[in-house]
Amino acid sequence: MDKKFYLVREDVLPEAMKKVLAAKELIERKKVDSVADAVQLVDVSRSVFYKYRDAVFPFHTMVREQIITLFFHLEDRSGTLSKLLSVVASANCNVLTIHQTIPLQGRANVTLSVSTSEMAITIDELLSQLKQLPFVEKVEILGSGA
């Protein structure tokens, strides 16, 4: 399933998502010692917090995010990493880290952290290009951060 992102006005967000955003802000600003304290202050359950914490972000956070971490499950073929990196480079992404597992049973996992500050296409377009590579069995965004 491809994940799409939308920009949504705050007044149409469900109350639970607003509370999760408030809890995340308390945690980020170190106004609380734990998730339990944050959810108690904003009156939301921990299960709701964990359900939405990686799905809802303030707009300013998404604008400044310039590093993404991508996870790949690849067939072990000669030149696959080189071809994968070529697609990433052609999008003007700068590779910051690479981690590859030892191939087992003809498959390997690769994790890339890339800077998207100079990226020439959207993240969705990059993911689409990467998914079209014949040796890529899976690609997903593990996380993002500034």
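**From the surface to the core**

Modeller: The chain has an accessible surface of about 9,700 Å², and carbon and sulfur atoms account for 52% of that surface. Accessible areas come from the Shrake-Rupley method with a 1.4 Å probe, and for residues only the protein chains shown count as cover. The model is predicted, so local features need pLDDT of at least 70 and side-chain atom pairs count only at pLDDT 80 or more, whereas totals for chains, interfaces and linings use all residues. Residues are numbered from 1 along each chain as its sequence is written, and side-chain values use heavy atoms, with hydrogens and water left out.

The C-alpha trace spans about 55 × 35 × 25 Å along its principal axes. Of the 146 residues in the chain, 29% are buried, a term that means under 20% relative accessible area, with exposed meaning over 50% and partly exposed the range in between (1.4 Å probe, protein chains only). The chain carries 18 positive and 18 negative side chains, and the centres of these two sets are 2 Å apart. Here Lys and Arg count as positive and Asp and Glu as negative, while His and the chain ends are not counted; the place of a charge is NZ of Lys, CZ of Arg, CG of Asp or CD of Glu.

The chain contains 6 helices and 4 strands, in the order α-α-α-α-β-α-β-β-α-β from the N terminus. Helices (H or I, at least four residues) and strands (E, at least two) are DSSP runs, numbered from the N terminus. Among contacts (heavy atoms within 4.5 Å) between residues at least 6 apart in sequence, 68% join residues at least 24 apart.

Strand pairing comes next. Strands β1 (residues 67-75) and β3 (residues 107-115) pair in the antiparallel sense over 9 bridges; two strands pair if DSSP finds at least two bridges between them. Strands β2 and β3 also run antiparallel, joined by 6 bridges. Ser113 in β3 is the bridge partner of Thr69, and Thr97 stands opposite Ser113 as well. The hairpin of β2 and β3 has 6 residues between the strands, and Gln105 in its turn has a positive phi of about 50°.

The largest nonpolar core has 20 residues, of which Phe72, Leu84, Leu130 and Val136 touch the most other members. Such a core is a set of buried Ala, Val, Leu, Ile, Met, Phe, Trp, Tyr and Cys residues joined through side-chain atoms within 4.5 Å. Two or more residues of this core come from each of β1, α5, β3, α6 (123-131) and β4 (136-145). Strand β1 gives the largest share, 4 residues. Setting aside residues up to four places away in sequence, Val136 touches Phe72, His73, Leu74, Leu84, Leu130 and Lys131. A second, separate core has 12 residues, including Leu13, Ala38, Val39 and Val44. In soluble globular proteins, nonpolar side chains tend to be buried together.

Leu127 lies in helix α6 and is buried, at a relative accessible area of 11%. Apart from neighbours within four places in sequence, Leu127 is in contact with Leu70, Val139 and Ile141. Leu127 and Val139 are 12 residues apart along the chain, and their C-alpha atoms are separated by 7.3 Å. Thr80, in helix α5, is buried too, with a relative accessible area of 9%. Residues up to four places away in sequence aside, Thr80 touches Glu75 and Phe135.

Two loop residues complete the account. Lys30, in the loop between α1 (15-28) and α2 (35-42), has a positive phi of about 60° although it is not a glycine. Lys30 is exposed, with a relative accessible area of 71%. Asn92, in the loop between α5 (80-90) and β2 (94-100), is likewise not a glycine and has a positive phi of about 65°. Asn92 is partly exposed, at 42% relative accessibility. Most residues other than glycine have a negative phi.
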